[in-house]
Amino acid sequence: MSAAPTKATPPVQVVAPPAPAPQPVKAVVQPGVLPQGAGRNVAQRLCGTCHSLVLVTANGHTEAEWDSIVARMESNGMQASADDINTVIDYLSKALPPR
Ligand code: HEC
């Protein structure tokens with residue numbers, strides 16, 4: 001009676017534990033400091049004339065929200081060209097999204 005062929009031991013798989021998923025980098029917005037981005041200079045010029053930029057950086061908003069905030073600033077008396085309005089809404093929605 002021949003011995004049953006020994007089964008080859010399957011190679012031990014050394015599986016590295018999955019690396020932790022990278023955390024999305026939360027943009028740290030310094031109060032009153034507008035984040036870098038196209039149109040920042042326009043926002044700096046327009047939005048800092050009546051009040052501190054701390055008000056602007058305090059909260060992130062969606063594009064629709066920035067649109068209505070900027071419209072409200074116009075009714076508050078903000079003077080700006082249509083081009084600047086578009087630029088500033090675009091800048092704000094990218095640089096200061098909801099957080
Ligand atoms: C003509 C003056 C004026 C200019 C220019 C101005 N604001 Fe304002 N802003 C105000 C006044 C007055 C208030 C307080 C009353 C109010 O909330 O409407 C205010 C309040 C705010 C607030 C706080 C209220 C809220 O709902 O969060 C934000 C944010 C804001 N402004 C953003 C901006 C941004 C962004 C710009 C540039 C695009 C800007 N402001 C330019 C007059 C101005």
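Met 73 is buried, at 19% relative accessibility; buried means under 20% relative accessible area, exposed over 50% and partly exposed in between, with a 1.4 Å probe and protein chains only. This is a predicted model, in which local features need pLDDT of at least 70 and side-chain atom pairs pLDDT 80 or more, while totals for chains, interfaces and linings use all residues. Residues are numbered from 1 along each chain as its sequence is written, and side-chain values use heavy atoms, without hydrogens and water.

Met 73 (SD) coordinates the iron atom of the ligand together with His 51 (NE2), at 2.0 to 2.2 Å. His 51 sits in the loop between helix H1 (40–47) and helix H2 (53–57), and Met 73 in helix H3 (residues 63–75), so the pair ties together parts 22 residues apart in sequence. Helices are DSSP runs (H or I, at least four residues), numbered from the N terminus. His 51 is partly exposed, because its relative accessibility is 27%.

Now the helix packing. The axes of H1 and helix H4 (residues 82–95) come within 9 Å and cross at roughly 110°. Axes are lines fitted to C-alpha atoms, for helices over the stretch in contact, with angles from 0 to 180 degrees between N-to-C directions. H1 and H4 are therefore roughly perpendicular, a term for angles of 65 to 115 degrees. H1 contributes Arg 40, Val 42, Ala 43, Arg 45, Leu 46 and Cys 47 to the contact, and H4 contributes Asp 84, Thr 87, Val 88 and Tyr 91. Contact means heavy atoms within 4.5 Å.

Thr 57 belongs to helix H2. Its relative accessible area is 3%, so Thr 57 is buried. Beyond neighbours within four places in sequence, Thr 57 has contacts that include Val 29, Pro 31, Leu 34, Leu 96 and Arg 99.

Notes
Donors = N, O, S within 2.8 Å, 3.2 Å for Na, K, Ca; no water. Helix = DSSP H or I, 4+ residues; strand = E, 2+ residues; numbered from the N terminus. Parallel < 35°, antiparallel > 145°, perpendicular 65-115°, else oblique.
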